[in-house]
Structures are given as structure tokens and as C-alpha cells.
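Please keep the sequence and the model in view while reading.

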Amino acid sequence: MKTFFLAAISLLGCAVAFSGCASANLARVKPWERATLAGYDMRPDRDPLHAAMSEHTFFSREAANGGRAVGGSGCGCN
Amino acid sequence: MRPGAVGALLALTSAAGRTEVKTGDEFPALARARIVNLAGGGEALPDLTGKVVLVDFWASWCAPCKASFPVMARLHADYAARGFVIAAVSIDDKASAAAAFAKKMAPPFATLLDPEKKLVQQVDVPAMPASYLLDRHGRVRFVHQGFHGDATERELRQHIETLLAEKD
């Protein structure tokens, strides 16, 4: 009985949390509103020097290299 | 907790607020959404009555959309004579950007503009690009999200062939 009660409380908690996600008040960028995100200025690798420095920092801190490249910018297409 | 209950809850919450046009729905009329022809000069919208129609939503800033144009040109070349029409609707904010893109690509099919974003909001496209294949009665029979090269072309051809073969 106690387990069932806890499960019900958890389910209710999840419902409240997820209903917040479904709220219309949250800013949702629709696929057709991503022109600015798709711009060249939004590319993380637009500055080669900055990209090389960031990669070096990442390599030094994480002892890992590469594998971070993502093609294109932020339009979220496809 | 039962996994089924969690699944149902997730499905319910993710579906909340979504009204996108789906397979089986009637596609909204282009004229009612104040769609205009990018060719300008009072160019009329393409006649879609009784045709198998591919409504494609694109934008000048969308790289996969650009890649999809040559494929749509091939589809137009192969099927237009059999009653297939492509209506490529731009959702660009700037009409000039859409017009420049259309001029550069010079597709053989109609390039249109949704200046007030009425149609795209009504349809609630789930991704860019997105294509809606309509049967001769204007009903959505297939929805394709994104563009995946040969796989997309194969899939579209298969559905177009099926719809063109339908007599009524």
C-alpha cells in the first residue's frame, strides 16, 4: 500500500513537472523562426583562431581531441 | 511505478498543444492563407485542382532546402505531365531573400511566399524543410520531414507513383 502511495505521488509530481513543459508560456522557437539562428554569426567555428584556441583548451583540460564538429549553424534543419 | 503509466503520461504531455496537419487531414487552401507567387507581376497561384500536389516549405537560410531543389526539379520533370504539381512555399521573413534564392535556383516549378506566416502556422510544420504530398482531393497522404538525399527522393517517388495511379 505504501509503495502504491509513493508511486501515485511520483506520478502526480511528474504530471505537474511535465505540464510545466507543455505550458504555452514557454518560449518555443518554431522551425520556421530559426532564420537568425541559421546565420553565419551563430556558427561556433566562424573564427578559426578562436576555434583553434578553444580546441586546444578542450584538449588540455579533457585529454581528448576532436569529435566536436557539427556541420552548419543553428537552424536545426533536418 | 508501472512503465505503461509513465509512457502514457509522456505521450500525453508531449502531444499537448500540437495541432499540426497530419496524414489524412485536408490541407489548408493556399489562397485563403494569402500565399503569393514569388514570380510577382500578379502571377497566379498554380492550379492544384484534381492534381497530385507536393507542398514544400523552404527558406533561403535552410541548407537542406537548397539541396532539395534539384530533386524536386527532377520530380517535376518526370511527373508533371501526369498531373503532378509542386508548390514550394517560402517562409522567409524577407521576400527579397526568398526571391533571390528562387532566382538563383531557377526551379521549373512554382515558388511561392507565405508573407504573413499564416499557412506555416496553420500547418505547424515540424521541421525544415517539410513536404506534404496531397492526393487529387487535397488530402494529405504523406508528410516528409527534412531532406535526406537519395532516400528522400526514393520515398517521394514511391508515394507520387502511388497517388498518380489512383483514379479517384
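Predicted model: local features only at pLDDT ≥ 70, side-chain atom pairs only at ≥ 80, totals over all residues.

What percentage of the 78 residues of chain A count as buried? The share is 6%.

**Chain A**

- Chain A holds two helices and zero strands.
- Its accessible surface amounts to about 6,100 Å², and carbon and sulfur atoms account for 64% of that area.
- Ala15(A) belongs to helix α1, which covers residues 2-21 of chain A.
- Ala15(A) is classed as partly exposed because its relative accessible area is 24%, which falls between the limits of 20% and 50%.
- Between Ala15(A) and Trp32(A), which are 17 residues apart along the chain, the C-alpha atoms are separated by 29 Å.
- Val29(A), Leu37(A) and Met42(A) together make a nonpolar surface patch of about 240 Å².
- With a relative accessible area of 32%, Leu37(A) is partly exposed.

**Salt bridges**

- Over all chains, the count of salt bridges comes to twelve.
- Side chains of opposite charge can pair when their charged atoms come close.
- One of the salt bridges joins the side chains of Lys30(A) and Asp124(B), with an N to O distance of 3.2 Å.
- This pair crosses between chains: Lys30(A) sits in the loop between α1 and α2 of chain A, while Asp124(B) sits in the loop between α4 (118-123) and β5 (130-134) of chain B.
- Lys30(A) is partly exposed at a relative accessible area of 28%, whereas Asp124(B) counts as buried at 8% relative accessibility.
- In chain B, Lys118(B) and Glu116(B) form a salt bridge whose closest N and O atoms are 3.9 Å apart.
- Both partners are partly exposed, Lys118(B) with a relative accessible area of 36% and Glu116(B) with 39%.
- Arg157(B) and Glu153(B) form another salt bridge, in which the closest N and O atoms lie 3.1 Å apart.
- Because Arg157(B) and Glu153(B) are four residues apart in helix α5 of chain B, about one helical turn separates them.
- Glu153(B) counts as buried because its relative accessibility is 10%, which is under the 20% limit.
- Glu153(B) and Arg157(B) also belong to one network with Arg74(B) and Asp78(B), joined by salt bridges that share partners.

**Cavities**

- The count of cavities of 30 Å³ or more comes to two.
- The largest cavity contains about 70 Å³ of space.
- Residues lining the largest cavity include Asp56(B), Met72(B), Pro129(B), His144(B), Phe147(B) and Leu156(B).
- Two elements of chain B, α2 (63-79) and α5 (150-165), each give two or more residues to this lining.
- The largest share of the lining, three residues, is supplied by α2(B).
- By class, the lining of the largest cavity has five nonpolar residues, five polar residues and one charged residue.

**Second largest pocket**

- The volume of the second largest pocket is about 370 Å³.
- Its lining consists of 20 residues, and those nearest its centre are Phe27(B), Pro28(B), Ala29(B), Leu30(B) and Leu48(B).
- The lining of this pocket divides into eleven nonpolar, four polar and five charged residues.

Terms used:
Residues numbered from 1 in each chain as written. Chains lettered and ligands numbered in written order. Heavy atoms only, no water. 1 Å grid on protein atoms, 1.4 Å probe; cavity = no way out; pocket = protein on both sides within 12 Å on 5 of 7 lines; lining within 4 Å. Points joined across faces, edges and corners; volume = space filled by probe spheres on them. Nonpolar A, V, L, I, M, F, W, Y, C, P; charged D, E, K, R; others polar. Buried < 20%, exposed > 50% of the residue type's maximum accessible area, 1.4 Å probe, protein only. Areas by Shrake-Rupley, 256 points an atom, 1.4 Å probe, with all protein chains shown as cover. Patch = residues over 30% accessible without salt bridge, like charges linked within 9 Å, V, L, I, M, F, W, Y side chains within 5 Å. Salt bridge = Lys/Arg side-chain N within 4 Å of Asp/Glu carboxyl O.
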